[in-house]
Amino acid sequence: MELSEKEFVKRLKNEATAQEAFRELVSAYKERLYWQIRNIVKDHDDTDDILQNTFIKIFKNIGNFKGESQLFSWMYRIATNEAITFLNKKARKKHISSQELQEKIIDNLESDVYFEGNDIQLKLQKAINSLPDKQQQVFNMKYFQDLKYREMAEILKTSEGALKASYHIAARKIEDFLKSH
């Protein structure tokens, strides 16, 4: 986007320019948000649905965006919350825990036509799933999306030092998991 973020947000909030600005927003961020959601829910079709809901929520709530964080950080939090809420609802519907649901989802990855991974990537997904939720989130953000610790700190509202420690602990746990499985 050529405009500064502040100017772009003004266009999003202005009724006369909101539609065009929102199309630009979707075009600029849909792939990054897709992969953030996909790393959480694993399933392509669910990811598409959640991505659509995320953009609807962004469109409806852009007026509440105060600019205290970067626009992408704000959208990233919305996408993450939508994905987690989706998984929790799905687990409740099936009368199982979120952890059990994640295990079933990963077990089903092999039959997912959109999953292009091999055995190693499947093992990696199982290893990531064995981590506590916060470590999963930090690992996915750093490893798959290559976010800077500064960006992650803004999104997760925590210190860079805590994130670095969390990432390194997660990486060590994943390495141990892969060696033992």
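Here, contact means heavy atoms within 4.5 Å. Keep that in mind as you click around this predicted model.

**Stop one: S73.** Select S73, which you'll find in helix α4. Now show what surrounds it: leaving aside neighbours within four places in sequence, S73 is in contact with E151, E154 and I155.

The core has 49 residues in total, and the ones touching the most other members are L12, L25, L33, I58, L71, W74 and M75. As a general point, nonpolar side chains tend to be buried together in soluble globular proteins.

Not counting residues up to four places away in sequence, L25 touches F8, L12, K30, F55, I58, L71 and M75.

Next, colour α6 (residues 119-129) and α7 (residues 133-144). Their axes come within 9 Å and cross at roughly 140 degrees, so the two helices are oblique to each other. On the α6 side, select L124, Q125, I128 and N129; on the α7 side, Q136, F139, N140, Y143 and F144. Sort that contact by class and you get five nonpolar, four polar and no charged residues.

**Last stop: an annotated stretch.** Finally, select residues 122-170, which an unreviewed UniProt entry annotates as "domain: RNA polymerase sigma factor 70 region 4 type". Over this stretch the chain is 80% helix and 0% strand. Its end C-alpha atoms lie 17 Å apart.

Methods: Residues are numbered from 1 along each chain as its sequence is written. Side-chain values use heavy atoms; hydrogens and water are left out. Axes are lines fitted to C-alpha atoms, for helices over the stretch in contact, and angles run from 0 to 180 degrees between N-to-C directions. Helices (H or I, at least four residues) and strands (E, at least two) are DSSP runs, numbered from the N terminus. Angles under 35 degrees count as roughly parallel, over 145 as roughly antiparallel, 65 to 115 as roughly perpendicular and the rest as oblique. Ala, Val, Leu, Ile, Met, Phe, Trp, Tyr, Cys and Pro count as nonpolar, Asp, Glu, Lys and Arg as charged, and the others, Gly among them, as polar. A nonpolar core is a set of buried Ala, Val, Leu, Ile, Met, Phe, Trp, Tyr and Cys residues joined through side-chain atoms within 4.5 Å. Buried means under 20% relative accessible area, exposed over 50%, partly exposed in between (1.4 Å probe, protein chains only). UniProt positions are given in the numbering used here, feature names are shortened, and annotations may be inferred rather than shown by experiment.
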